[in-house]
Amino acid sequence: MNPANWLQRTAIRVPQAPALLDGERLEADYSAFAQRSSAVGAGLRSQCGIKPGDRVVIFLKNHTRYLELMYGAWFIGAVVVPVNAKLHVRELVWIVENSRASVVLCSEQYISELRASLEHSVAVLAADNDDYFQLHAHGSLTNPVRMRPDDLLWLFYTSGTTGRPKGVMISCGNALAMCGSYLADVDTVEPEDTALYAAPMSHGAGIYNFMHVMRGARHVVPVSGGFDEREVFQLSQSLEHVSLFAAPTMVKRLVDYAKKHSLGGEGIKTIVYGGGPMYLADICDGVEVLGDRFVQIYGQGECPMAISALSREQVSDRSNARWRERLASVGQAQSCVDIRIADKAGESLPTGRIGEILVSGTAIMLGYWDNPEATANTIRDGWLWTGDMGSLDSDGYLTLQDRSKDMIISGGSNIYPREVEEVLLLHDSVSEVSVVGKQDADWGEIVVAFVVLADTDVLNEKLLDAHCLEHIARFKRPKRYVQLQALPKNNYGKVLKTELRKRLN
Ligand code: AMP
């Protein structure tokens, strides 16, 4: 069950199939990809003494080497700890120490700072200069180490918008469950397909590589190493059959760019979107401009990419009477999980009632690294408590509200910020919005909307208030508006509501 076996089998089957591309430039076919990964594995073993189960931290921008390093680590049964390349070195150090990693593979620029900051002896190697090739100088391995379904594969640190990040333990079995569900519920993968890594490989986009390795498809890392709208469209046009994972903010940027340049998304097969709320107005716009190229997934680090999915047909079928309703949902449970909605005591709630989303199944993490208390709080009786609020309809479609901590209670009534945000986004003057609660002596909390305007106009509160009154109950409308040039977002493009709340103090 070692992913390195998947790579090796593909390399035997289609050795000359193009595997790794830097932009349009071919870096390695499958034979070379497997050979390099095996050499990295041999290097990590002889140069750094890495054994099965040891943690290997990767702190790199998107790069084709990211894949070689991951598979190299898996070749010898080690655990990949992917760290977002935009984190501060201090945050990286915390993760290295917490995971008790044996080696850090990072960009040359961090080497000395990292060595000076780490308390324990940890090997630190540059992976973006010629030192990388030293790792290849220790021969190669014939076969990957055997890994079992419960063996740890991917130790992913949560983004930690509240408190310290926690290490989420994803096993080989979890990864396989996610792959199966992708092929059953999200999309097909054909050998001529192209996985484009425009979102960080340290997150969902990285763990989404497996299906493409199994099928012998191409892996393309943009030369920019990240997300650039123009580059995504250019690469899609030249390489074709492109699939990419994109957070909702990226989708919005792609759609805005396509509109501006009269593009229809030629060459893009699928945009899998998720990772944060996609507003109805934005996805309607997306379908209008780019057509039937979208599939939505809902997941979280603790059940990566694999809680629910809204299929291509459902995202695109405007003739369906329930199109908008479906589009506002995150779809049905993926094949590898069950979903239920529960109250605080864990009792299932009836259809339509909002409660916490609980998930069970084969993609659920093993637990949090070195944190049995947090694990026991989060996985109870085999159900993962996601911290997300939502409801299921009678057809099993899940609609997400907000994270339980983001819900606003004003004058004793529950207000879901998402609902207010959806309404404000319908107004032409609003480009982006985020709604939070502010403590209030009379109401408990009041609704505050942070708004980014579509043009340079000054915010017109009266107009927005009248607009809200037309669409939602009086008590839900914002009592205060704050105009911002941009919303604060974390490295994955998620709006930082904690930052917004701080601004209200
Ligand atoms: P992370 O663990 O960083 O991937 O964040 C996961 C969280 O992102 C989930 O718990 C949800 O709150 C949110 N999320 C993920 N996918 C979606 C989606 N399709 N729609 C709305 N929110 C989502």
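# Close-up views

**View 1. Arg477 and Asp465 are joined through their side chains by a salt bridge, with an N to O distance of 2.8 Å.** The pair links distant parts of the chain, 12 residues apart: Asp465 belongs to helix H17, and Arg477 to the loop between helix H17 (461–471) and strand S26 (480–483). Salt bridges with shared partners also connect Asp22, Arg25, Glu27, Arg36 and Glu68 in one network. A salt bridge is defined as a side-chain nitrogen of Lys or Arg within 4 Å of a carboxyl oxygen of Asp or Glu. Helices (H or I, at least four residues) and strands (E, at least two) are DSSP runs, numbered from the N terminus. The model is predicted: local features need pLDDT of at least 70, side-chain atom pairs count only at pLDDT 80 or more, and totals for chains, interfaces and linings use all residues. Residues are numbered from 1 along each chain as its sequence is written, and side-chain values use heavy atoms, with hydrogens and water left out.

**View 2. A salt bridge between the side chains of Arg36 and Glu27 has an N to O distance of 3.2 Å.** Glu27 counts as partly exposed because its relative accessible area is 24%. Buried means under 20% relative accessible area, exposed means over 50%, and partly exposed lies in between (1.4 Å probe, protein chains only). Over the whole structure, the search finds 25 salt bridges. Side chains of opposite charge can pair when their charged atoms come close.

**View 3. The side chains of Asp395 and Arg326 form a salt bridge at 3.0 Å, N to O.** This pair links distant parts of the chain, 69 residues apart, with Arg326 in helix H14 (residues 323–327) and Asp395 in the loop between strand S20 (383–392) and strand S21 (398–403). Asp395 counts as partly exposed because its relative accessibility is 35%. Arg326 has a relative accessibility of 9% and therefore counts as buried.

**View 4. A surface patch of negative charge gathers Glu108, Asp128, Asp130 and Asp131.** Glu108 sits in the loop between strand S5 (103–106) and helix H5 (111–117). With 47% relative accessibility, Glu108 counts as partly exposed. Patches are made of residues with over 30% relative accessible area and no salt bridge; like charges are joined within 9 Å, and nonpolar side chains (Val, Leu, Ile, Met, Phe, Trp, Tyr) within 5 Å. Lys and Arg count as positive, Asp and Glu as negative, while His and the chain ends are not counted. The place of a charge is taken as NZ of Lys, CZ of Arg, CG of Asp or CD of Glu. Accessible areas come from the Shrake-Rupley method with a 1.4 Å probe, and for residues only the protein chains shown count as cover.

**View 5. Helix H3 (residues 64–75) is made of 12 residues and spans 17 Å from its first C-alpha to its last.** This is close to the 16 Å expected at 1.5 Å a residue, where the expected span is 1.5 Å times one less than the number of residues. H3 is mostly covered, with 12 of its 12 residues buried. Among them are Arg65, Glu68, Trp74 and Phe75.

**View 6. Helix H16 (residues 417–425) is mostly covered, with 8 of its 9 residues buried.** The buried residues of H16 include Pro417, Arg418, Glu421, Glu422 and Leu425.

**View 7. His241 has a positive phi, near 50 degrees, although it is a residue other than glycine.** His241 lies in the loop between helix H10 (229–239) and strand S11 (242–246). A relative accessible area of 35% makes His241 partly exposed. Met305, also a residue other than glycine, has a positive phi near 60 degrees. Met305 is part of strand S14 (residues 303–310), and counts as buried at 8% relative accessibility. Most residues other than glycine have a negative phi.

**View 8. The C-alpha atoms of Gly225 and Asp22 are separated by 9.1 Å, and the two residues are 203 residues apart along the chain.** Gly225 occupies the loop between strand S10 (218–221) and H10. Gly225 counts as buried because its relative accessibility is 12%.

**View 9. Ala333 and Tyr298, 35 residues apart along the chain, have their C-alpha atoms separated by 9.2 Å.** Ala333 is in strand S15 (residues 332–333), and its relative accessible area of 34% makes Ala333 partly exposed.
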